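What follows is a short report for a reader who meets this structure for the first time. It begins with a single contact and then widens to the whole chain.

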Amino acid sequence: MKNRRNAAMILLPLLLATGVGCGIFIGRYITTRSLTAKEEKLRTVLRLIESDYVDPLNMDSLIETTFPGLMASLDPHSTYIPASELQTVNDDLSGSFSGVGVSFQIINDTVQVIEVVAGGPAEKVGILPGDRIIKADTVSLTGKDITSQNVFTTLRGEKGSTVVLTIKRFGQKNDVVYDVVRGDIPVNSVDVSYMLSDNVGYVKVTKFSRNTYMEFFNALNDLRLKGAESFIIDLRGNAGGFMDQAIFMANEFLPAGRLIVYTRGRKLDNEYMAMSDGRGNFQDYPIVVLTNESSASASEIFAGAIQDNDRGLIIGRRTFGKGLVQNQMELPDSSAVRLTVARYYTPSGRSIQKDFQRGEIDKYEMDIVDRYSHGEFYNADSIKFDKDKIFRTTNGREVYGGGGIMPDVFIPEDTTGFTSYYMAVANQGLVQKYAISVSDEYREKLGNDRSLENLDRLLPNDQTLLENFVMYAVGQGVPARWYYINKSRNLLISQLRAMIARDVLGYPAFIRLLNENDNAVANALQQLNDGNSPVNISGQAEQPD
């Protein structure tokens, strides 16, 4: 552990210098120098609008609506954060926030508790998974107009403050009322870690927050104690976050003196280079990294460092392609801007930032849809890289810049079972709704043995589960078309079992069951069992057998 802290002390000052130095400079720049002619012009226009425009205007509101467009005209990742949203945005990456300690989803216009944070305020007063929160203080949390933001606003608050929650609970005639004292709630970024086989550990990292590295490091150590001799690191759907956490994670697997990432910007303050220090505890452990089109930013830094140093296999689909670095700077009214100040480059020298035109943010955001339309999700041959942007890994393999990170082994999107029947029930959210409708029954049957194995024993056999769901769907207006139902059988059963497990046992159980039928996970496990390494993989992405 002491070595971990030393590594952090070596790397962290370099990382923090960028944000701190740039923030101080901009503050002085705004407050001390004279306005330029263009800035005076802008001020004059605003004054004219305020004094002479035909209709009275709220100038604060006008300026607030102008800022997002101004930032979007720079690049797709520079953004303006209103003061009203800043706390929520920061909470998501800060490592903790003050609230009641539940995760929830809104189903049938009702807030359903999915998980209760162990040791948190909600658990201490007796709130249970499956409870429906119908009121917070005097604010109703039911109806068609309720949103996740409404719920966040009412449940989160100052540490030590009290919120009165009115609960509707299965099996109880009357509502239950709890006085919940808000407290610090950890924001977990390593949501799932478990032994996938006797010697392979699996870790899913969902974001890069302030605590991600320590969560990740602790998960690896725990799995090693359980017998893990290699690891699958799942970054699918991870949109990124703090860059330093990705650097610390990569450092665990690399020998000394390896480049992890470097940045280049207009100002020297925004440039740095991160090298491995050779103190990582997992340098000799084989690893596979899973990616897809939603893996971005810090996820791509980690994956790029592993791939370019030929340290492990990347399996899945091409990543998002975000190679821009943002600094967040708070403004005097407690709003903030996240401004792109540099580009980052993987060890081979490639920028993985995909192409964009300033001001064309809509086109940029349609890139994933375009990839789907062009067949990229199903065939690696549909991916067209710029042949002028060829780079080489440590062992000489060809990799490409300018459009995300292409995996070493391509896994197409699995559409097996996607029939018109499946789409009909999926579009209405009937799998989720059915799972919730039966979850209370199984939660009660589990008793004190809240294990996945016990739930598996209690669930009906696959055919009965499917038939029960089909009857439920008929009641929701979807007719039973057994030809298509049988084609979707495996997909429906897998999702039904996973959704019920999520509602009864929580998110880790959900992921574990989904992984049982996940082609990327299966391929990663096979690659590790076969002893494959990047040295055996060609420069082009392989299709799985």
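In this predicted model, the side chains of R397 and D408 meet in a salt bridge with an N to O distance of 2.7 Å, a salt bridge being a side-chain nitrogen of Lys or Arg within 4 Å of a carboxyl oxygen of Asp or Glu. Because R397 sits in the loop between β19 (390-392) and β20 (398-400), while D408 belongs to the loop between β20 and β21 (409-410), the pair ties together parts that are 11 residues apart in sequence. The helices (H or I, at least four residues) and strands (E, at least two) named here are DSSP runs, numbered from the N terminus. R397 counts as buried because its relative accessibility is 7%, and D408 is likewise buried, with a relative accessible area of 3%. Here buried means under 20% relative accessible area, exposed means over 50%, and partly exposed lies in between, with a 1.4 Å probe and protein chains only.

Residues are numbered from 1 along each chain as its sequence is written. Because the model is predicted, local features need pLDDT of at least 70 and side-chain atom pairs count only at pLDDT 80 or more, whereas totals for chains, interfaces and linings use all residues, and side-chain values use heavy atoms, with hydrogens and water left out.

**Other salt bridges**

By the rule given above, the count comes to 22 salt bridges.

| Salt bridge | N to O distance |
|---|---|
| R397 and D408 | 2.7 Å |
| R350 and D308 | 2.7 Å |
| E398 and R392 | 3.2 Å |

R350 forms its salt bridge with D308, and this pair links distant parts of the chain, since R350 is in the loop between β18 and α10 (361-365) and D308 in helix α9 (residues 298-308), 42 residues apart. Both R350 and D308 are buried. In the salt bridge between E398 and R392, E398 counts as partly exposed because its relative accessibility is 26%, and R392 is also partly exposed, at 49%.

D333 lies in the loop between β17 (324-330) and β18 (336-345), and at 46% relative accessibility D333 counts as partly exposed. The loop between β17 and β18 also holds S334, which has a positive phi of about 75° although it is not a glycine. S334 is partly exposed, with a relative accessible area of 35%. A positive phi, of about 55°, is found for S297 too, again not a glycine, and S297 is placed in the loop between β15 (287-291) and α9. S297 is buried, with a relative accessible area of 10%.

**The chain as a whole**

The chain contains 19 helices and 21 strands, and buried residues make up 47% of its 545 residues. Along its principal axes the C-alpha trace spans about 75 × 65 × 50 Å. The radius of gyration, taken over C-alpha atoms, is 25 Å, which agrees with the value near 24 Å that a compact globule of 545 residues would have, the globule rule being 2.2 Å times the number of residues to the power 0.38.
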